[in-house]
Amino acid sequence: MEQAAKNEVFSLKDMSVHYGSSLAVDSVNLPIYENEITALIGPSGCGKSTVLRSLNRMNDLIPSAKVGGEVLYHGQDMYGSDVDPVQVRKVIGMVFQKPNPFPKSIYDNIAFGPQTLGMKGNMDEIVEGALKQAALWDDVKDRLKDNAFGMSGGQQQRLCIARAIAVKPDVILMDEPCSALDPISTFKIEDLMMELKKDYTIVIVTHNMQQAARVADRTAFFTVDTSRGEGSRVGTLVEHDETTKIFSNPSDERTLDYVTGKFG
Amino acid sequence: MSSSIQGARSRSEKNSLRAPSPRIGEKIVISLLFLASAISVGVTIAIVISLFAPLPGFFDYVSPWEFLTGTLWAPSFLDSSFGVLPLVAGTLQVVFYALLIGVPLGLGAAIYLSEYASTRVRKTIKPILEVLEGLPTVATGLFAVFWFKPLIQELTPWLEWTSPFSIGVAGITVGIIIIPLIASVSDDAMRSVPVALREGAYALGASKMRVAVKVVLPAAISGIVASFVLGASRAIGETMVVLLVAGGGSPQLKIGFTEPAGAMTAFIASRATGEIATGTIDYYSIFAVGSLLFVMTLTMNMIAIFFVSKFREVYD
C-alpha cells in the first residue's frame with residue numbers, strides 16, 4: 001500500500017455544492033495526493049469544474065454558491081470561519097480554461113502576483129525564474145516589455161501558468177487548460193505539467209480523456225445523476241483510482257462506458 | 001385555405017426570385033430614419049456656422065490678441081474692454097472645483113458599485129444616480145444659494161466671505177451635479193471588464209481592493225477618462241448654477257474660492273436676451289465668447305481621445 005504513505009493535500013469528505021437552492025454536486029469523497037496530477041473527468045454538467053473551483057474558494061465569487069460537507073487542506077477545514085479566502089488563493093493557484101493574461105506587459109503579468117504578496121527578492125530574478133519554469137523564457141526574454149496579448153494562445157496559457165507559479169504556491173488547479181489550444185500547444189503544456197508535478201500538486205479538469213490518460217497519476221470520474229426526480233441534474237463522483245486502473249479496468253460500468261466512448 | 005392559394009400558384013410563379021411587392025412601406029421608413037439622423041447632423045453644423053459667422057464683425061472692433069490675452073472684461077463700460085481672460089478664469093475655476101469633487105466621489109462610487117456592492121444595493125443605487133443626473137440644475141442652484149453656501153460659509157470661518165457670490169461654491173455644486181454622471185459611466189466601463197481578468201487576479205491571492213485598483217481600473221481606463229471628460233464638459237457648459245451662485249462677476253481677473261466670478265456660459269446667458277440689438281459690439285461679443293467655448297470643449301475632447309488611445313489596456 002504505497003498510497004497510504006502519500007501525503008493527502010486535499011481530503012473531500014461528503015462534500016456538496018449548492019447554487020442557490022439547486023444542488024450542483026453531491027457527496028464527493030476524494031483524496032488528492034501531494035506531487036501528483038489528479039484529473040477530474042466526466043461529461044458536461046457533472047460538476048467537475050465546480051469541485052475544482054471549491055478547492056481555492058473561487059466559488060466564493062458567486063454569491064449564491066454554498067459548499068457543504070468538508071474540504072480539508074492538509075487537515076484544515078478550508079471553509080472554517082477563521083479561513084481567509086484571499087490567503088487560500090495565495091497557496092492554491094489556478095489556471096483557467098481560456099488564457100486570461102492581464103492587459104499588461106509580459107513582465108508585469110508575472111510580477112503582479114509576487115508584488116501582491118509582497119515577496120522579497122529581486123523581481124527580475126523572480127520573473128525570469130517563473131518564465132524558465134514554465135518553459136517560456138527563451139520565447140519571450142527579448143520582449144518582456146511587450147503586451148501579453150501579442151503572444152499566441154499557447155504562449156498566453158504558459159504565461160498564465162508562469163504567473164501562477166511565480167507566487168510559489170503549494171497547489172495548482174487547472175480548469176481545462178488546453179481546451180482553447182491547438183495540439184502542439186497542448187503537448188507543450190502537458191510536458192510542462194509533468195515537469196511541474198515534482199514541485200507542485202496539480203489538479204486538472206479535462207474534457208479530453210486522452211489527456212487525462214497521458215498526464216494524470218490518479219483520475220476521478222464524475223457523472224450526472226438524473227435519477228433524483230424530474231429535471232434534476234446532480235453531479236456525483238462515480239469512482240476514483242489510479243489512472244491506469246480507471247482506463248483499463250474500472251470498477252463501475254458507467255466509467256467503462258465513458259472511457260470507452262460509449263457515451264459522453 | 002392557404003394551401004389552396006399555394007396550389008393555385010403556377011410553377012413559374014413559385015420559382016420567381018422577384019419581390020412579391022415593391023415594399024414601399026420599408027423604403028418610406030428608411031427615408032424617415034435617414035432624415036432623422038440627417039437633421040441632427042445638419043442642425044449641429046448650422047449651430048457651429050452661426051456661432052462662427054459673426055466673428056469677423058467682432059474682430060473688426062477688437063483684435064484677436066486683445067480678446068484672448070486681455071484681463072479686463074467690460075463690454076458695457078463707456079471705455080469698453082474685451083479681454084476674455086476673466087471669463088475663462090471663471091470657467092476654469094468652476095471646472096477645477098467640479099473635478100476636485102466629482103472625480104474622487106464619482107470614481108469612488110463607481111468602484112463601490114462595480115466591485116463591492118451586492119446586486120440588491122446596486123439595483124437600488126444605480127437608478128437613483130440616473131435620476132439625479134436628470135435633475136434640473138436651476139433647482140440644484142437654488143439649493144446651493146440658500147443652503148449649501150451658508151453651510152460652507154459656516155464650516156470655513158477662516159475664509160474671507162465678503163461677497164454674496166462664490167465661484168468656489170459654484171464649482172463644488174457643479175461637482176456634485178457631475179458625480180452621478182462620472183459614477184454611472186465609470187461603473188459601466190468597469191463592469192464591462194471581463195470576469196476572467198478579475199478571476200485571474202483573485203487566483204493569485206489578490207484582495208478585492210487590489211483587483212479593483214490594479215486590474216479593473218487600468219483595463220477600464222478609457223471609459224473612466226471618458227467619464228471625466230464628460231464631467232468636465234458638463235462643468236464648462238453649466239450655466240444656471242454658475243449664474244446663481246457665482247454671480248455676474250467682476251470685470252477684473254480674479255482667482256479665489258470666495259470671489260464672485262463670471263463664467264463664459266453665465267455671461268452669454270445674462271446678455272443674450274431678446275433685447276440685444278444685432279450688429280452691436282455687445283451682440284458680437286456673445287458669439288466671440290461662444291466660439292471660444294466651443295473651441296475649448298473640442299480641444300478637451302481631442303486631448304481625451306488622444307489620452308485614451310495611448311494609455312488604454314486593450315483586453316480583446
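**View 1. A:A213 sits in a helix of chain A.** A:A213 is part of helix α8 (residues 209-215) of chain A; helices here are DSSP runs of H or I with at least four residues, strands are runs of E with at least two, and both are numbered from the N terminus. The model you are looking at is predicted, so to speak, with limits: local features need pLDDT of at least 70 and side-chain atom pairs pLDDT 80 or more, while totals for chains, interfaces and linings use all residues; side-chain values use heavy atoms, without hydrogens or water. Residues are numbered from 1 along each chain as its sequence is written, and chains are lettered from A, with ligands numbered from 1, in the order in which they are written. With a relative accessibility of 40%, A:A213 counts as partly exposed; buried means under 20% relative accessible area, exposed means over 50%, and partly exposed lies in between (1.4 Å probe, protein chains only). Apart from neighbours within four places in sequence, A:A213 is in contact with A:T243 and A:F247, where contact means heavy atoms within 4.5 Å.

**View 2. Ten strands of chain A, one sheet.** In chain A, 10 strands make an open sheet with mixed pairing, in the order β5-β4-β1-β2-β10-β9-β3-β8-β7-β6. The edges belong to β5 (76-77) and β6 (92-95) of chain A; each has a single partner strand, so one side of each is left without a neighbour in the sheet. Two strands count as paired if DSSP finds at least two bridges between them. As a reminder, strands of a sheet pair through backbone hydrogen bonds, either parallel or antiparallel.

View 3. How many residues of β3(A) are buried? Five of the five residues in β3(A) (residues 37-41) are buried, so to the eye the strand is mostly covered. Both faces are covered: A:I37, A:A39 and A:I41 lie on one side, with A:T38 and A:L40 on the other. Strand β8 (residues 201-205) of chain A pairs with β3(A) in the parallel sense over four bridges, and here A:L40 stands opposite A:V205. Strand β9 (residues 218-225) of chain A also pairs with β3(A) in the parallel sense, over four bridges, and A:T38 stands opposite A:R218. From β9(A), eight bridges lead on to the antiparallel strand β10 (residues 234-242) of chain A, where A:V234 is the bridge partner of A:D225. Helix α7 (residues 183-196) of chain A packs on the sheet and touches β3, β7 and β8 of chain A. The direction of α7(A) makes about 150 degrees with that of β8(A); axes are lines fitted to C-alpha atoms, for helices over the stretch in contact, and angles run from 0 to 180 degrees between N-to-C directions.

View 4. Strands β1 (residues 8-19) and β2 (residues 22-33) of chain A pair in the antiparallel sense over eight bridges. Bridge partners to look for are A:V17 with A:V25, and A:L12 with A:L30. The hairpin has two residues between the strands, and A:G20 takes a positive phi near 60 degrees. On β1(A), eight bridges also connect to the antiparallel strand β4 (residues 65-73) of chain A, with A:F10 partnered by A:Y73. On β2(A), two bridges join to β10(A), and these strands run parallel; A:D26 stands opposite A:T236.

**View 5. The largest pocket and B:S114.** About 580 Å³ of space lies in the largest pocket. Among its 16 lining residues, the closest to the centre are A:L61, B:S114, B:E115, B:A117 and B:K208. The lining divides into seven nonpolar, three polar and six charged residues. Which helix gives the largest share of the lining? That is α6(B), with four residues. B:S114 lies in this helix, α6 of chain B, and is buried, with a relative accessible area of 11%. Leaving aside neighbours within four places in sequence, B:S114 is in contact with B:D187, B:M190, B:R191 and B:R198.

Note on methods:
On a 1 Å grid over the protein atoms alone, a cavity is a set of points where a 1.4 Å probe fits but cannot get out, and a pocket is an open set with protein on both sides within 12 Å along at least five of seven lines; lining residues have an atom within 4 Å of a point. Grid points are joined across faces, edges and corners, and a volume is the space filled by probe spheres set on the points. Ala, Val, Leu, Ile, Met, Phe, Trp, Tyr, Cys and Pro count as nonpolar, Asp, Glu, Lys and Arg as charged, and the others, Gly among them, as polar.
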